[in-house]
Amino acid sequence: MVSSKAARNSHGQDSSYFLGWQEYEKNPYHPTNNPSGIIQMGLAENQLSFDQIESWLESNPDVLGLKHDGASVFRELALFQDYHGLPTFKNVIVINFLVKQKENSYYIFISAPSTSHIAFLTSSLHMQALAEFMAELRENKVQFDPSNIVLTAGATSANEILMFCLADPGDAFLVPTPYYPGFDRDLKWRTGAEIVPIHCSSSNNFKITKSALEEACKRAQKKKLRVKGVLVTNPTNPLGTTLTRHELEILVDFICAKRIHLISDEIYSGTCFGIPEFISIAEVIGGSIDDVEDQVHIVYSLSKDLGLPGFRIGAIYSSNKAVISAATKMSSFGLISSQTQYLLAMLLSDKHFTASYISENKRRIKIRHDQLVEGLADVGIPCLESNAGLFCWVDMRHLLDKNTFTGEMELWKKIVYDVGLNVSPGSSCHCTEPGWFRVCFANMSTETLDVAMQRLASFVESGGQGEGSKGSRGLKRLMYWVRQLSLADDRTER
């Protein structure tokens, strides 16, 4: 027997988002070993710029050897580090994050400390430099306190820690739809918090409006849920767009009026490759006439920008001292290893590498994005216009047999089994309109993306029927999932 918490059925593992992954893992595509396998297009990983990091590591062998200027730092790194994180790494990770907020500022960095300071550095000098640097990036309109950073084991941990800090079990956060399916796990499963969707529509390209916020708040009140805040992703997942200044100002006005919190998950902030440029919530609250800094919290990670999800590097930035204090204590359950912090501190403090990487990575993302969009357009499938992220929000409504979520699940089944592509259906992202799909493009080679487009073209040209050879093998086991997911969609308030 396990505890009720362990048995709680709110992990979201039975979502089509995760079920598609399971099918891929049973039959993964390989160009030579398994050319008829399923291509993974449901994973938002950035594999486009590994060669840049590998090249840097080859040029800096001391880092992997746990050396600095030829001297070993193994003993310092092997000793226990408290949960505040290495000052060296905290300084450079935040600088890297904030440098990306403004174009033409990529060359502004501070240096890593000497070997003797690796483990025991007094960080006051670095903190002062960082505070001044952050203010400079915002034209001194806002001030930043570098002590307001908590390192976490990825953005997943950061978001969950903020839920523990800001919400009691049964409290609710408002989240715009469509949203990242993992939030059902990250925000709810262990914390006991609830998500109330802010319904956004394709009629205005899924933008956040004041009326949508108010309507979501009223629905929460009818359910007798206490609303503690709003959580947004910016750039957005799964839309691949950046929030406009107008949307951000609407959010700030809303949380100010309701006296609630705002979490801005900015994990994709370094992927913005087009116009309009990314605007961080930090920039908006810095110019606000209302004192809302204690109500706004930023989540960041290196998983998407540097393509390092396996390193588990995340961060919370907040001006709320109570939140920082509690989050710091909670981070002790998911610390980042000292050698990981050391490696990335050295990497991010190399201003020439970072400037080159950011520019080249954005260029590669745009090329791959355009390859997907043009390939889909060639077969008559449009996408929401996007300027960031590692995916596109694809409109397949015209391919539905029925304009329902049951029809969407039937189309998804064909795409997974007949076409051999794992994509994420909009219903898994709580979209209110059937027929939208999130399709990722940065976790595969150009050649694999070409194969995916060829398969999809054949599917569309055949009238959406597919070849049927692979579908027959998985049809029976998937039909049960489709029925269950369709019933769940019908029960979900939209």
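Twelve aromatic pairs are found in a search of the whole structure, where rings of Phe, Tyr and Trp (its six-membered ring) pair if their centres lie within 6.5 Å, and planes under 30 degrees apart count as stacked, over 60 as edge-to-face and the rest as tilted. Tyr17 and Phe18 form an edge-to-face pair, with 4.9 Å centre to centre and 80° between the planes. Tyr17 is buried at 5% relative accessibility, and Phe18 is buried at 12% (buried means under 20% relative accessible area, exposed over 50%, partly exposed in between, with a 1.4 Å probe and protein chains only). The rings of Phe206 and Trp436 are also edge-to-face, because their centres lie 5.3 Å apart and their planes stand at 85°. This pair links distant parts of the chain, 230 residues apart: Phe206 lies in the loop between strand S6 (194–198) and helix H10 (210–222), and Trp436 in strand S14. Helices (H or I, at least four residues) and strands (E, at least two) are DSSP runs, numbered from the N terminus.

The model is predicted, with local features requiring pLDDT of at least 70 and side-chain atom pairs pLDDT 80 or more, whereas totals for chains, interfaces and linings use all residues. Residues are numbered from 1 along each chain as its sequence is written, and side-chain values use heavy atoms, leaving out hydrogens and water.

Strand S14 (residues 436–440) is largely enclosed by the rest of the structure, because five of its five residues are buried. Trp436, Arg438 and Cys440 point one way from S14, and Phe437 and Val439 the other way. Strand S11 (residues 391–395) runs antiparallel to S14 and is joined to S14 by five bridges (two strands pair if DSSP finds at least two bridges between them); Cys392 has Val439 of S14 as its bridge partner.
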